[in-house]
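The sequence and structure come first.

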Amino acid sequence: MARVYVADNKYESGVIKVYCVDSKYDADLLFYVTDNKYDADNKDEIWYFTDNKYEATALFYWVDNKYDADILVYKVDSKYDAQWRASNSFITRLS
């Protein structure tokens, strides 16, 4: 699973710039948010948000413009709908 920490600065080392699109058809990744950090292992598409930067497997920064993003994402309501929809250099690098 991706243990996600949201950074305050998009220029911080290792930060992945993420933009949330309005349509799942525009997304590179459909993600599901879980409250249980052990809900899934080694899955980029299931996210657990942590307040501890050193526990995170991925550092994200939410950008305001999709053209600034490394990954376009869309939040889904079911973990069974979560998946990569497009080839991206960050596949398997989030978890």
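## The K53–E12 salt bridge

In this predicted model, K53 and E12 join their side chains in a salt bridge, with 2.1 Å from N to O. The pair links distant parts of the chain, 41 residues apart. K53 sits in the loop between β4 and β5 (58–62). E12 sits in the loop between β1 (2–6) and β2 (15–20).

## The E55–K37 salt bridge

E55 and K37 also meet through their side chains in a salt bridge, at 2.6 Å from N to O. E55 lies in the loop between β4 and β5, and K37 in the loop between β3 and β4, so this pair ties together parts 18 residues apart in sequence.

E55 has a relative accessible area of 22% and is partly exposed. K37, at 21% relative accessibility, is partly exposed as well. The salt-bridge count comes to 2.

## D39 in its loop

D39 is placed in the loop between β3 (29–33) and β4 (46–49). Its relative accessible area is 29%, which means D39 is partly exposed.

How far apart in space are D39 and D26? The C-alpha to C-alpha distance is 26 Å. In sequence, D39 and D26 are 13 residues apart.

Notes:
Residues are numbered from 1 along each chain as its sequence is written. This is a predicted model: local features need pLDDT of at least 70, side-chain atom pairs count only at pLDDT 80 or more; totals for chains, interfaces and linings use all residues. Side-chain values use heavy atoms; hydrogens and water are left out. Helices (H or I, at least four residues) and strands (E, at least two) are DSSP runs, numbered from the N terminus. Buried means under 20% relative accessible area, exposed over 50%, partly exposed in between (1.4 Å probe, protein chains only). A salt bridge is a side-chain nitrogen of Lys or Arg within 4 Å of a carboxyl oxygen of Asp or Glu.
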